[in-house]
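The following questions and answers examine one protein structure step by step. Please keep the sequence and the three-dimensional view at hand while reading.

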Amino acid sequence: MTSQNNTPAKPGAREPAALVLEDGRIHRGTAFGARGTTLGEAVFTTAMSGYQETMTDPSYCRQIVVTTAPQIGNTGWNDEDGESLLDGEDRGGRIWVSGLVVRDLSRRASNFRAERTLEDEMIAQEIIGVADIDTRAVVRHIRDRGAMKAGIFSGEDLADDESMVATVRAQESMAGASLSDEVTTENAYVVEPAEGEARYSVAALDLGIKSNTPRMLAERGVRVHVIPASSTLADVLDLDVDGVFLSNGPGDPATADAAVHLTKEVLSQGIPFFGICFGNQILGRALGLETYKMRFGHRGTNIPVIEKATGNVAITSQNHGFALRAPESETWQTPWGSAKVTHICANDGTVEGVALADGSAFSVQYHPEAAAGPRDAANLFDRFVDLLGSSDAGSADTRKGAL
């Protein structure tokens, strides 16, 4: 086991805590937030801001997030920027990360929008953190060795090294994890257009949806029916919608057979389809591609993506540890016609988007609802709305009759 001694806090200022990795590496720091034990997959994000959005993104379920930004907490916490609901309301959003690892925890919130501190919110939601960690060393280690099982231990749970490592190693791996049911909504709900009457309506399958996604569609005059991950084609058709959207979400896409089956049924019905992140992997699987677990994934707000048809580059926000395996040819045949890869990552060539050649279904691996570029990818929502209004989309009544 390797123990990393980080710069300690002032004597008496903070209780000790430890970040323990499954390969036996231990980073010692100080506790903040709740106390106890939390387990998850250790991953890192390169985003320099937006920790509230990161922590409330359901795609981070069962993950311990290591931040590369040197100071976290200086903008506090507010009731507007959360990417999930808390007790059915915005209220800052439910925190989905298993734990948070930071170098320098800001002791006060200085932003005019802050309503409380980050630590106050973490205590309220019982989220465990560790500060005073050399996060650069942790990130370099994960980059070289890959994302791995981890745990944060503090308070009475801070034990001997062997016991903590054994606890970390005994947890479930992210590979093979099916997590959609943990993060999806229990009951369907509707997000109405921001202004005026609805031009179109969409069924959004909640696999871990971020709050801003239905808002982006609502701003374009779309009524969004957010439905549970267990929904069927009959549930979709009963809503009389013009299109189907598949959201982001956590877990291994190889386990999402139900979502893949629904996607195939949607494609067979000729319903316009748009997916992001996890939804991209689901569409890819429906079109015959395989998925794989990445070494350390893409998590941040500065990831360049190339659109193959135009050569245009978008700076994107991403959060995924799995990806679609690239096909052997530029295009391939599916039961719904020819399909193609539409986007790739400029950094490593990862598949970042797929589509049917006729344009009736498309998806991207990144998050167009996030302002990374800041608006480089928002036009994808416009493209989906245009698809909803296309004359060859067909009617819901016709689709119901085909069942």
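Q: Which residue follows α3, and near what value is its phi?
A: The model considered here is predicted. Helix α3 covers residues 135-145. The residue that follows α3 has a positive phi, and this residue is G146, with phi near 100 degrees.

Q: Which residues in helix α3 are buried?
A: A residue counts as buried when its relative accessible area is under 20%. An α-helix has 3.6 residues a turn, so residues three or four places apart point the same way. In helix α3, the buried residues are T135, A137, V138, V139, H141 and I142.

Q: Which cysteine sulfur is nearest to that of C277?
A: C277 takes part in no disulfide. At 1% relative accessibility, C277 counts as buried. The nearest cysteine sulfur lies 13 Å away and belongs to C345.

Q: Is C61 buried or exposed?
A: The cut-off for a buried residue is under 20% relative accessible area. C61 has 4% relative accessibility, so C61 counts as buried.

Q: How many aromatic pairs are there, and what is the arrangement of F245 and F274?
A: The count comes to six aromatic pairs. One of them joins F245 and F274, whose ring centres are 5.5 Å apart and whose planes meet at 65 degrees. Because planes over 60 degrees apart count as edge-to-face, the pair of F245 and F274 is edge-to-face.

Q: How many residues apart in sequence are the parts that F245 and F274 tie together?
A: F245 lies in strand β14 (residues 243-246), whereas F274 lies in strand β15 (residues 273-276). Both F245 and F274 are buried. The pair therefore ties together parts whose separation in sequence is 29 residues.

Q: What is the arrangement of the rings of F274 and F384?
A: F274 is in strand β15 and F384 in helix α10 (residues 379-388), so this pair ties together parts 110 residues apart in sequence. The ring centres of F274 and F384 are 5.4 Å apart, and their planes are at 50 degrees, so the pair is tilted.

Q: Which residues form one aromatic cluster?
A: F274 pairs with F245, and F274 also pairs with F384. The cluster consists of F245, F274, F362, F381 and F384.

Key: Residues numbered from 1 in each chain as written. Predicted model: local features only at pLDDT ≥ 70, side-chain atom pairs only at ≥ 80, totals over all residues. Heavy atoms only, no water. Buried < 20%, exposed > 50% of the residue type's maximum accessible area, 1.4 Å probe, protein only. Disulfide = S-S within 2.5 Å. Phe/Tyr/Trp six-rings, centres within 6.5 Å; stacked < 30°, edge-to-face > 60°. Helix = DSSP H or I, 4+ residues; strand = E, 2+ residues; numbered from the N terminus.
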